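Subject: Structure for your review

Dear colleague,

Please find below the structure that I am handing over to you. My findings follow it, grouped by region.

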Amino acid sequence: MTTLSPENSLSARWSASFILVKRKPPIDKTEWDAFFDENGLLAKSRDSICVNILERGLHPFVRTEAWKFLTGYYSWQSSQDERLTVDSTRRKSYEALCEMYEKIQPLLENLHRNFMKTRNNIAYDIQKLYDKDHLGNVLIDKKRLEKILLLSYVCNTQAEKQQGFHEMVMLFQLMVEHDHETFWLFQFFLQKTEHSCVINIGVGKNLDMLNDLIDFLDPVFAEHLRGKGAGTVRSLFPWFCFCFQRAFKSFEDVWRLWEVLLTGKPCRNFQVLVAYSMLQMVREQVLQESMTRDDIILACNNLIDLDADVLISAACLIYAELIQRDAPQPLKDFFL
């Protein structure tokens, strides 16, 4: 058994207690404002704020501003005046990118063989989105959303357009007022989460670590899944591509999980512990029933209307178990 550092021992006790204690009310505007002094400088430690966000979450009235800090849109060391300057700079940069796009669009249409296909795919994806709530109120502006996605595709060589991005950006558009905020928050979200939801960057690594985690923590289940085909776990890639958003009962639950991922608490790559916790929900069914590989995938895809707090608590408990055991080095490097 590996000897835990004092920090890890504390994390284990805290993670276990998080499971047992009912979540306190989320951080509201009054409490959030109290984190800063009269100049808008942070008067509380960034670490303690992030732990509070993990344990309690954010009130909707706080989320927009808080996410700007969590993603890196704002520096935690900035003053109120500096943040006003940052907002102005982000807006001007976005407008400059839009002007550039307008100029090069004809060249892209004529010379870039994937551009027209990508633009058509984006338009098709967006048309499938529900743009009104049950009362008929308009939720999103599809034209603005399409523009942001196209600009993101043109400007981002790492995270090319993929299925799921339109739904992710929609949630950012619902959160903020201006297009430049939507665009930059999405870019910073991808960077902050180490592009973990991008197929050609992070998704494969997540799936490899999920396999390793099952092997280490639940060898009986791991052996059973291997008997169903090597690609069983890898077929869960939509969980990571959509950042679990289709598993939850509300947008609030999605935002709740995403802001936890942004805190980096209780550990790096928390999304893999979330996926492991979801697999544990179908474990007994998979072991007891004679399920084919496709049946297993269907059972996983049927995990919907989940409560984010329940899932976060379960993943925290898995983390507490992981750091108390002699995990292989790749897992230590990935999580600890």
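Ser196 is located in the loop that joins helix 9 to helix 10; helices here are DSSP runs of H or I with at least four residues, strands are runs of E with at least two, and both are numbered from the N terminus. This is a predicted model, in which local features need pLDDT of at least 70 and side-chain atom pairs count only at pLDDT 80 or more, while totals for chains, interfaces and linings use all residues. Residues are numbered from 1 along each chain as its sequence is written, and side-chain values use heavy atoms, with hydrogens and water left out.

**Ser196 and its surroundings**

Ser196 has a relative accessibility of 7% and therefore counts as buried (buried is under 20% relative accessible area, exposed is over 50%, and partly exposed lies in between, with a 1.4 Å probe and protein chains only). Leaving aside residues up to four places away in sequence, Ser196 touches Gly202, Val203, Asn206, Phe240 and Gln271, where contact means heavy atoms within 4.5 Å. The C-alpha atoms of Ser196 and Val272 are 9.6 Å apart in space, although 76 residues separate the two in sequence.

**Helix 10**

Helix 10 covers residues 199–217, 19 residues in total. From its first C-alpha to its last, helix 10 reaches 26 Å, close to the expected 27 Å; the expected span is 1.5 Å times one less than the number of residues. Its buried residues are Gly202, Val203, Asn206, Leu207, Met209, Leu210, Leu213, Ile214, Phe216 and Leu217. An α-helix has 3.6 residues a turn, so residues three or four places apart point the same way. The cover over the buried residues of helix 10 includes helix 11 (219–227), helix 12 (237–241), helix 14 (270–288), helix 16 (308–323) and helix 17 (329–335).

**Helix 5 against helix 9**

How do helix 5 and helix 9 lie relative to each other? The axes of helix 5 (residues 80–111) and helix 9 (residues 179–192) come within 9 Å and cross at roughly 95°. Axes are lines fitted to C-alpha atoms, for helices over the stretch in contact, and the angles run from 0 to 180 degrees between N-to-C directions. The two helices are therefore roughly perpendicular (65 to 115 degrees; under 35 counts as roughly parallel, over 145 as roughly antiparallel, and the rest as oblique).

On the helix 5 side, the contact is made by Asp87, Arg90, Arg91, Ser93, Tyr94 and Leu97, which meet Asp179, His180, Phe183, Trp184 and Phe188 of helix 9. By class, this contact has five nonpolar, two polar and four charged residues; Ala, Val, Leu, Ile, Met, Phe, Trp, Tyr, Cys and Pro count as nonpolar, Asp, Glu, Lys and Arg as charged, and the others, Gly among them, as polar.

Asp179, in helix 9, is buried at a relative accessible area of 17%. Not counting residues up to four places away in sequence, Asp179 touches Tyr94, Arg144 and Ile148.

**Salt bridges**

The structure holds 23 salt bridges, each defined as a side-chain nitrogen of Lys or Arg within 4 Å of a carboxyl oxygen of Asp or Glu. One of them joins Arg246 and Glu167, at 2.6 Å from N to O. Arg246 lies in the loop between helix 12 and helix 13 (251–263) and Glu167 in helix 8 (residues 165–175), so this pair ties together parts that are 79 residues apart in sequence. Arg246 is partly exposed at 47%, whereas Glu167 is buried at 12%.

Arg283 pairs with Glu284, their closest N and O atoms being 2.7 Å apart. Here Arg283 is buried, with a relative accessible area of 16%, and Glu284 is partly exposed, at 43%. A further bridge links Asp326 and Lys332, at 3.5 Å from N to O.

**Backbone geometry**

The loop between helix 13 and helix 14 contains Pro266, and the peptide bond from Lys265 to Pro266 is cis, with omega near -5°. Asn269 is placed in the loop between helix 13 and helix 14; Asn269 has a positive phi of about 55° although it is not a glycine, and is buried at 9%. Phe244, in the loop between helix 12 and helix 13, also is not a glycine and has a positive phi of about 70°. Phe244 is buried, with a relative accessible area of 2%.

Yours sincerely
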